[in-house]
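Open your viewer and get ready to click through a few selections.

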Amino acid sequence: MNPLTRLTEWFERRYTKQALAQLVVVLVALLLLTQGFFVWYFASVGLSMGTTGYNNDDRTVVIDQSAVERIEGGYDPNHEEGWCLYGTKNSTHIRVTEVVQAQTLFKRSDRIAFTCVPETAGQVAAGKNPRLVGNVHSHVDHNESRLSRLDILLLGRVSPVVSVMGVYTERDGVEFFTTESLRDPLKKEVTGESRAIETP
């Protein structure tokens with residue numbers, strides 16, 4: 001007997017025709033949604049990689065001193081740490097209004113993995129800004145806050161979701177990069193209680 005016929009008969013015994021019709025509609029809708037997501041994601045990655053550059057992004061990252069201190073306070077000299085950045089963005093500025101330390105999937109002295117999904121859900125639940133604009137991770141035992149080769153590859157993959165990737169080192173502080181500016185960090189303006197500091 002044909003296995004497909006057995007499966008069809010099992011469904012007919014278990015569900016009414018109306019329930020089967022509803023199940024088919026739901027499955028088709030899920031198929032269309034997932035296909036649409038994959039088309040959007042890969043098209044976005046392609047567009048992002050097409051605009052990849054090394055010093056073309058002239059936007060400024062504006063971040064509060066308290067947010068910078070949150071990154072500095074979460075640094076660990078033994079393994080990399082990660083932070084999720086929430087805020088707003090436009091054609092001239094990326095404004096970071098909140099920094100949340102990331103729940104990591106794993107972390108080592110030379111690598112870290114996190115998604116910012118639980119942090120974003122927490123932002124929604126708390127009624128705070130859930131708009132993820134980027135992330136930061138630390139580099140242990142580095143003197144310069146620059147993207148590694150792996151960071152550049154990862155930024156290309158996550159660019160449909162995040163606009164900016166930051167790198168923090170204890171000596172150099174936090175610097176921010178985009179797919180349009182991979183080598184030189186974006187201009188940064190630190191505001192807040194301390195005197196505003198602007199870096200070129």
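Here is the tour, one selection at a time.

This is a predicted model, in which local features need pLDDT of at least 70, side-chain atom pairs count only at pLDDT 80 or more, and totals for chains, interfaces and linings use all residues. Residues are numbered from 1 along each chain as its sequence is written, and side-chain values use heavy atoms, with hydrogens and water left out.

**Whole protein.** Of the 200 residues, 38% count as buried (under 20% relative accessible area, with exposed over 50% and partly exposed in between; 1.4 Å probe, protein chains only).

**The largest pocket.** Now select Ile112, Phe114, Leu154, Val158 and Met165, which lie nearest the centre of the largest pocket among its 26 lining residues. Strand E5 (112-114), strand E6 (132-138) and helix H5 (149-158) are the elements that each give two or more residues to this lining. Colour H5 next: its 6 residues make up the largest share. (A pocket is an open set of points on a 1 Å grid over the protein atoms alone, where a 1.4 Å probe fits, with protein on both sides within 12 Å along at least five of seven lines; lining residues have an atom within 4 Å of a point.)

**Helix H2.** Finally, select residues 17-50, helix H2, and pick out Leu23 there. Is Leu23 buried or partly exposed? Leu23 counts as partly exposed because its relative accessibility is 32%.

Technical notes
Helix = DSSP H or I, 4+ residues; strand = E, 2+ residues; numbered from the N terminus.
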